[in-house]
Amino acid sequence: MLKGKNKNALIIPLLAVLSGFIVGAVLMLVFGYNPIQNYVNLFAGAFGDVYSVSETLRNMTPLLLTGLGFAVSSKAGFFNIGGPGQYLMGWFGSVVFALHFHDLPGIVLIIGSILCGALCGAIWSGIAGVLRAFFGTSEVISTIMLNYIALYYVNHAIKTWLAPKGSDSSPNIPKKASLCTDFLQNLTHGSTFHWGFFLAILCAFAVWFYFNKTCSGFEVRSVGMNPSASRYAGMNVKKTIIVAMIISGILAGLAGALDGIGNYQNISVSNSTPSVGFDGMAVALLAGENPIGMLFSALLFSALQIGGLSISVLSTTPSEIVNVVMASIIFFVGIKYAFEMLIKKGVIKKGAKAKEADNQ
């Protein structure tokens, strides 16, 4: 049975999710929409058939990886909000590799593209890590700036080097470099589900193993809890900061790479940084930065995003209501201390009643 902190770690996210859905339902009622029917449509759109489930799982892949990346840096005590830029650099790196080394055998091309994307994400995050470790620069400011630098650099590179004249998109990668195969498309009724999903699942367990079973993971957590004590214990704090940020960038870059050669098959000019990097933060926060818990929170947010498209298709309710639900969930996660207080009071009351029963 779950006890103490472990019990609260499970109950609080569930309460947050339930509260978010209630807020969404109340808003629908206020504006004259049917919340029950809309939620039925939402979950049918996310899990109603093989195609829907496959799209939900595919959309879950970058959410999980960017969430894992945010969790690694957060465990080290840093608020890395550079996920969008790292994701974008990973996407760009994977597509560039696939296009420029198209003569390589298929499996080599896929592995090289994935590694190139992960490396680009690592470099982009590592810049902020070095600035923090050696110059004390706020990682919040540096990662925000790096997000925009990534956006404008990638847009310039696409227009200048990759896209045909007059186009805003690069050519599609060779079919042999794609993670989305005919076998998976036939199996999932023509969805965009790809092999990257399984790699993302492996990454979740790898991050859990890293934090709980390795010396480096222990050092990251120690630095996050108390840098001064860690330094006194002989740990290289600067090295640990950089390592944590690089791993964070690898995971976000990997998310971009898997989307690049698995979902999009090319890269286009964008008007803004990808929202998936920020959505990954929400995934990590809901799961309490637990890598295994993020499997479920990423699935939930993916279901809301994919299923939310069905709401506006099957009714007059605007799909933006899903964004309200997602934001409400994160809000209630943010005020978890209120839930903890309520749970504590409930436990105290139960304990007092039990003592009264014993006395009688």
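Guide: Start with one contact. In helix 3, Arg-58, Thr-61, Pro-62, Leu-65, Thr-66, Leu-68, Gly-69, Phe-70, Val-72 and Ser-73 meet Ala-244, Met-245, Ile-247, Ser-248, Leu-251, Ala-252, Leu-254, Ala-255, Leu-258, Asp-259 and Asn-263 in helix 11. Contact means heavy atoms within 4.5 Å. Helices are DSSP runs (H or I, at least four residues) numbered from the N terminus. The model is predicted: local features need pLDDT of at least 70, side-chain atom pairs count only at pLDDT 80 or more, and totals for chains, interfaces and linings use all residues. Residues are numbered from 1 along each chain as its sequence is written, and side-chain values use heavy atoms, with hydrogens and water left out.

Visitor: At what angle do the axes of helix 3 and helix 11 cross?

Guide: Roughly 170 degrees, and the axes come within 7 Å. Helix 3 and helix 11 are therefore roughly antiparallel. Axes are lines fitted to C-alpha atoms, for helices over the stretch in contact, and angles run from 0 to 180 degrees between N-to-C directions. Under 35 degrees counts as roughly parallel, over 145 as roughly antiparallel, 65 to 115 as roughly perpendicular and the rest as oblique.

Visitor: Next pair. How do helix 4 and helix 11 pack?

Guide: Their axes are 7 Å apart, at an angle of about 50 degrees. That makes helix 4 oblique to helix 11. The crossing is right-handed. A crossing is left-handed if the near helix is turned anticlockwise from the far one by less than a right angle, and right-handed if clockwise. By class, this contact has 8 nonpolar, 9 polar and 1 charged residues.

Visitor: And helix 4 with helix 5?

Guide: Helix 5 covers residues 106-135, and its axis comes within 7 Å of that of helix 4, crossing at roughly 145 degrees. Helix 4 passes helix 5 in a right-handed crossing too. Among the residues that meet are Gly-90 and Phe-97 in helix 4 and Cys-116 and Trp-124 in helix 5. The contact has 7 nonpolar, 10 polar and no charged residues.

Visitor: Switching to voids. How many cavities of 30 Å³ or more?

Guide: There is 1. On a 1 Å grid over the protein atoms alone, a cavity is a set of points where a 1.4 Å probe fits but cannot get out, and a pocket is an open set with protein on both sides within 12 Å along at least five of seven lines; lining residues have an atom within 4 Å of a point.

Visitor: What volume, and what lines it?

Guide: The largest cavity holds about 60 Å³ of space. A volume is the space filled by probe spheres set on the points, which are joined across faces, edges and corners. The lining includes Thr-66, Phe-70, Asn-80, Gln-86, Ser-248 and Met-281. Helix 3 gives the largest share, 3 residues. The lining divides into 3 nonpolar, 7 polar and no charged.

Visitor: What about the second largest pocket?

Guide: About 300 Å³ of space lies in that pocket. It has 18 lining residues, with Tyr-87, Tyr-264, Pro-274, Ser-275 and Val-276 nearest its centre. Helix 3, helix 4, helix 11 and helix 12 each give two or more residues to this lining.

Notes: Nonpolar A, V, L, I, M, F, W, Y, C, P; charged D, E, K, R; others polar.
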